[in-house]
Amino acid sequence: EGGLDTRTTRGGERRGLFCGMGVCFDCLVIVDGVPGTRACVTWVREGMDIARQDGPGDRRGPDRA
C-alpha cells in the first residue's frame, strides 16, 4: 500500500505507470466503476471515483471487499 502501482495482474504482479502515453496499458484503473481505464490518458475531473484494479476485469467499486 502507498506504492506507485495502479493495478495487479491476474497473477498478482503489481503494475504502474510505464510509458505515460497510453501504449503499454500498465496504468489501468477503475474510474467511476469502469475497469480498464488508462490512467495516463484520462482527463481528471472533480468527483471522479478512482480505484486500483485487481486483475483484468475487476468491476468492484469503491466499497471493494
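Are Asp26 and Arg7 buried or exposed? Asp26 is buried, and Arg7 is buried as well, where buried means under 20% relative accessible area, exposed over 50%, and partly exposed in between, with a 1.4 Å probe and protein chains only. The views below come from a predicted model, in which local features need pLDDT of at least 70 and side-chain atom pairs count only at pLDDT 80 or more, while totals for chains, interfaces and linings use all residues. Residues are numbered from 1 along each chain as its sequence is written, and side-chain values use heavy atoms, with hydrogens and water left out.

**View 1. The protein chain has five strands and zero helices.** Helices (H or I, at least four residues) and strands (E, at least two) are DSSP runs, numbered from the N terminus, and the elements run β-β-β-β-β in that direction. Of the 65 residues in the chain, 31% are buried. The chain exposes about 4600 Å², of which carbon and sulfur atoms supply 53%, the areas coming from the Shrake-Rupley method with a 1.4 Å probe and, for residues, with only the protein chains shown counting as cover.

**View 2. Five strands form an open sheet of mixed pairing, in the order β2-β1-β5-β3-β4.** The strands β2 and β4 stand at the edges with a single partner strand each, so one side of each is left without a neighbour in the sheet. Neighbouring strands of this sheet are turned by 45 degrees against each other on average, direction ignored; the axes are lines fitted to C-alpha atoms, for helices over the stretch in contact, and angles run from 0 to 180 degrees between N-to-C directions. Two strands pair if DSSP finds at least two bridges between them; β1 and β5 do so in the parallel sense over two bridges, and Thr8 stands opposite Asp54 in β5.

**View 3. Strand β3 (residues 28–31) is covered on both faces.** Leu28 and Ile30 on one side, and Val29 and Val31 on the other, are all buried. With strand β4 (residues 34–38), β3 pairs in the antiparallel sense over three bridges, and Leu28 stands opposite Arg38 in β4. These two strands form a hairpin with two residues between them, and Asp32 in the turn has a positive phi of about 50 degrees. With strand β5 (residues 50–54), β3 also pairs in the antiparallel sense over three bridges, and here Val29 stands opposite Arg52.

**View 4. Salt bridges that involve Asp26 and Arg15.** A salt bridge is a side-chain nitrogen of Lys or Arg within 4 Å of a carboxyl oxygen of Asp or Glu, and a search of the whole structure finds four. The side chains of Asp26 and Arg7 meet in one, at 3.3 Å from N to O. Asp26 lies in the loop between β2 and β3 and Arg7 in strand β1, so this pair ties together parts that are 19 residues apart in sequence. Glu13, partly exposed at 45% relative accessibility, forms a salt bridge with Arg15, the closest N and O atoms being 3.1 Å apart; Arg15 is partly exposed as well, with a relative accessible area of 28%. Asp26 also forms a salt bridge with Arg15, the closest N and O atoms being 3.7 Å apart. Salt bridges that share partners join Arg7, Glu13, Arg15 and Asp26 into one network.
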